[in-house]
Amino acid sequence: MSQVRTIPIEQDHSDYGLFDRLYILKDKLIANSRFQNTVAKIPFLRGIAKKRANQLFDVVAGFVYTQILLACIRLNIFNQLKDGPLTLEAIKNECGLERAPLKQLLDAAVSIHLLEIRTNHRYGLGKLGAPLVGNSALAAMIEHHSVLYEDLRDPLLLLSGKLKSKKLEKFWPYVSNDLEDQESLKDQERVKDYSDLMSASLPLVADQVLGAYDFSRHRCLLDIGGGQGTFLKRVHLQSPQLERMLFDLPGVANLAELNFSASSENQSIKVFGGDFFKDELPSGADLITLIRVIFDHDDERVKILLRSIFRALSPGGKLLIAEPMAETPDHPPMGHAYFGFYLMAMGRGRPRTVEEIGQLALEAGFKSVEILPSDMPINAQVLLISS
């Protein structure tokens with residue numbers, strides 16, 4: 001049986017600067033197992049070594065952690081504990097899982113700070129579990145990840161572009177180039193699943209936008225890609241005098257109209273169905289919002305949309321863009337790692353930096369881009385763009 005022979009690759013280091021060479025030496029030193037063992041025995045370096053080892057283990061075990069979280073969501077564990085800690089038996093009576101596997105799940109949740117052990121061996125909410133109580137937006141995204149993980153099962157297959165059938169691409173039918181899928185966008189039943197997810201998870205972003213900007217300074221708001229109107233409803237609570245319009249795919253627009261007809265305060269919302277890459281947008285708004293829209297699309301499509309928005313806005317109008325962005329301060333993995341792979345599985349779009357979005361806006365005719373302060377930029381950064 002023949003053995004695979006590794007051929008060393010000669011690298012040209014002639015263009016490396018001093019810092020490059022120092023980093024290479026550092027990398028080689030850290031990669032040396034003898035150095036790792038030595039550092040672990042030195043008192044003032046031991047803590048650093050343990051911290052790095054724990055961080056690497058968390059990356060390795062990350063998928064297991066997410067499945068523990070998903071199991072807790074599906075069993076409604078966090079909402080069961082909202083009024084106080086419960087015994088294992090009490091939780092078992094509510095969720096129906098057998099005692100032994102339930103204990104294994106709860107102890108695992110304790111180890112990753114979703115739960116805590118309280119007095120008399122009761123289970124209570126942990127520091128990471130408490131924010132999930134009643135948080136339907138986050139719960140919807142956690143449940144949705146089961147679709148994403150199917151596509152990530154073989155990451156190299158996904159990266160190579162050879163994954164023929166992607167679950168996530170089917171979930172978001174508007175990314176498909178198939179004519180049958182495009183025609184189905186007029187059918188509200190075909191778009192309902194993804195539209196429901198967008199509506200359920202929207203508060204994660206909407207609260208950041210409403211906290212960052214005063215909508216009362218405007219007369220009329222057009223929300224593009226507005227789904228079933230969740231964002232427009234939340235804006236109304238802050239600025240009830242604002243005229244509201246919504247533009248989305250025909251099937252989604254039909255769902256929105258049904259939704260609005262059930263409430264007298266929302267019946268005044270004007271709903272338009274169409275394709276914002278092909279159809280003219282309704283005019284008359286002095287503020288247009290794009291909430292989690294442009295990162296789903298490539299640069300050429302975004303340019304088409306931004307030029308259309310520029311034409312539709314009233315003179316001196318504003319465009320508000322809110323979505324998770326690449327290279328977000330203090331949250332670098334969120335952009336290129338999480339959303340980078342999510343959008344690759346989805347089949348379209350990419351996470352962009354603030355500077356990249358700003359440049360696209362300026363090319364479309366807008367005059368200036370301002371970053372608004374956001375309490376939780378991991379959920380969304382907010383850009384105010386002036387025409």
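At what angle do α13 and helix α14 pack, and how far apart are their axes? Before I answer, please keep in mind that this is a predicted model, in which local features need pLDDT of at least 70 and side-chain atom pairs count only at pLDDT 80 or more, while totals for chains, interfaces and linings use all residues. Residues are numbered from 1 along each chain as its sequence is written, and side-chain values use heavy atoms, with hydrogens and water left out.

The answer is an angle of about 30°, with the axes of α13 and α14 (residues 230-238) 10 Å apart. Helices here are DSSP runs of H or I with at least four residues, numbered from the N terminus, and axes are lines fitted to C-alpha atoms over the stretch in contact, with angles from 0 to 180 degrees between N-to-C directions. The crossing of these two, α13 and α14, is right-handed, a term used when the near helix is turned clockwise from the far one by less than a right angle, anticlockwise being left-handed. Pro-203, Ala-206, Asp-207, Val-209 and Leu-210 of α13 touch Phe-231, Arg-234, Val-235 and Gln-238 of α14, where contact means heavy atoms within 4.5 Å.

Let me turn to α8 and α17, which pack at about 65° with axes 10 Å apart and cross in the left-handed sense. On the α8 side the contact has Met-141, His-144, His-145, Leu-148 and Asp-151, and on the α17 side Tyr-338, Tyr-342 and Ala-345.

This brings us to the largest pocket, which holds about 2,100 Å³ of space. Of its 50 lining residues, the closest to the centre are Thr-66, His-145, Tyr-149, Tyr-338 and Ile-378. A pocket, on a 1 Å grid over the protein atoms alone, is an open set of points where a 1.4 Å probe fits, with protein on both sides within 12 Å along at least five of seven lines, and lining residues have an atom within 4 Å of a point. The largest share of that lining, 10 residues, comes from α17.

Finally, helix α16 (residues 299-312) and helix α18 (residues 354-363) pack at about 50°, with axes 9 Å apart. α16 passes α18 in a right-handed crossing.

Terms used:
Points joined across faces, edges and corners; volume = space filled by probe spheres on them.
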